Amino acid sequence: MRSAQSNGLSLESGAARVPATLTRFLPDETGVSHARSSPRDPESSPFLLREVRDISRSITNLGIERTFARGAYLYRQGEPATSLYSPLTGRIRVFMSGIDGSERDIAFAEPHSTIGEYGIFDDEPRYTSAIAVEDSRVLVIDRAAIMSAGRADPEIFIEIARRLAQRERLACMHIMYGGLPARARVATLFVQLLNAYGTLETSNTARLSKSHRVEDFAHLVGVTRVTMSRELARFVEEGILMKVGREIFISDIAALRALADTSGLVHQHVNDGT
């Protein structure tokens with residue numbers, strides 16, 4: 001894929017040389033890998049919000065830096081929308097809460113992204129919440145500052161409108177997930193993770209530089225934690241995925257893509273070498 005680069009990890013016969021004890025995806029797995037990641041395509045995965053564009057600097061220059069400790073809310077569902085947010089460091093979870101107390105993850109926002117755009121152009125309350133899953137430094141960009149700067153430079157409004165369109169696509173993707181079997185949902189999610197975090201080890205094997213908790217995977221595609229654990233175990237048994245400590249390896253990219261193709265939600269890159 002465009003975004004994947006080799007880091008020279010030794011592999012034999014298409015499988016990574018790993019310790020004999022290979023852990024599976026267990027429901028109690030926690031933690032995030034701190035492996036150094038290679039440069040990525042900033043728009044390759046809708047679930048992992050990230051933007052790198054010149055106009056973004058004009059937007060972030062309007063912000064005031066704040067620090068949010070792990071577990072702190074940037075904003076809550078139902079509150080008035082008075083600002084948008086741009087992480088400088090850390091990671092932000094964006095999710096929706098149901099009236100029954102259930103939660104559905106929409107995306108994870110990392111540096112070079114913005115969240116909370118909805119509500120900037122109307123007076124409606126927020127329909128998502130955002131919480132720091134790591135200690136995070138975030139630019140808080142006031143609605144009044146955006147409106148003033150946008151009147152002086154309409155490209156700012158155009159850029160925010162483009163991001164809103166991307167969020168709409170993401171919302172539609174979540175809706176479409178509802179009609180897919182769990183297996184196709186998981187395959188599609190891991191192709192997106194490969195796009196964003198994949199580092200090629202061979203032409204058909206890759207390592208993901210970051211991981212999520214099993215419940216995060218489940219919330220992203222709208223299945224239970226138990227269902228996600230079961231599907232991940234099947235992928236491991238079939239040799240499509242494997243897990244070493246906190247690191248996840250995609251050991252058969254072609255098979256993963258073939259499963260994801262059935263969803264109709266995966267954008268395939270052309271001439272990506274795989």
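Ser83 lies in strand S6, where strands (E, at least two residues) and helices (H or I, at least four) are DSSP runs numbered from the N terminus. This is a predicted model, in which local features need pLDDT of at least 70 and side-chain atom pairs count only at pLDDT 80 or more, while totals for chains, interfaces and linings use all residues. Residues are numbered from 1 along each chain as its sequence is written, and side-chain values use heavy atoms, with hydrogens and water left out.

With a relative accessibility of 7%, Ser83 counts as buried, a word that stands for under 20% relative accessible area, whereas exposed stands for over 50% and partly exposed for what falls in between (1.4 Å probe, protein chains only). Apart from neighbours within four places in sequence, Ser83 is in contact with Gly116, Ile120, Arg126, Val140, Ile141, Asp142 and Arg143, contact meaning heavy atoms within 4.5 Å.

Strand S6 belongs to an open sheet of 3 strands, arranged in the order S4-S10-S6 with antiparallel pairing; two strands pair if DSSP finds at least two bridges between them. Strand S4 (64–68) and strand S6 (83–87) each have a single partner strand and stand at the edges, so one side of each is left without a neighbour in the sheet. From one strand to the next the twist averages 35 degrees, with axes taken as lines fitted to C-alpha atoms, for helices over the stretch in contact, and angles running from 0 to 180 degrees between N-to-C directions. S4 and strand S10 (residues 136–142) run antiparallel and are joined by 5 bridges, and Ile64 stands opposite Val140 in S10. Helix H2 (residues 143–152) packs on this sheet, where it touches S6 and S10, and its direction makes about 60 degrees with that of S10.

Tyr73 is partly exposed at 30% relative accessibility, whereas Phe95 is buried at 1%.

Phe121 and Phe157 form an edge-to-face pair, at 5.7 Å centre to centre and with 75 degrees between the planes. Phe121 lies in the loop between strand S8 (103–109) and strand S9 (129–132), and Phe157 in helix H3 (residues 154–177), so the pair ties together parts that are 36 residues apart in sequence. Phe121 is partly exposed, with a relative accessible area of 40%, and Phe157 is partly exposed as well, at 22%.

Just after H6, Gly239 takes a positive phi of about 80 degrees.

Taken as a whole, the chain has 7 helices and 14 strands, and buried residues make up 50% of its 274 residues.

Terms used: Phe/Tyr/Trp six-rings, centres within 6.5 Å; stacked < 30°, edge-to-face > 60°.
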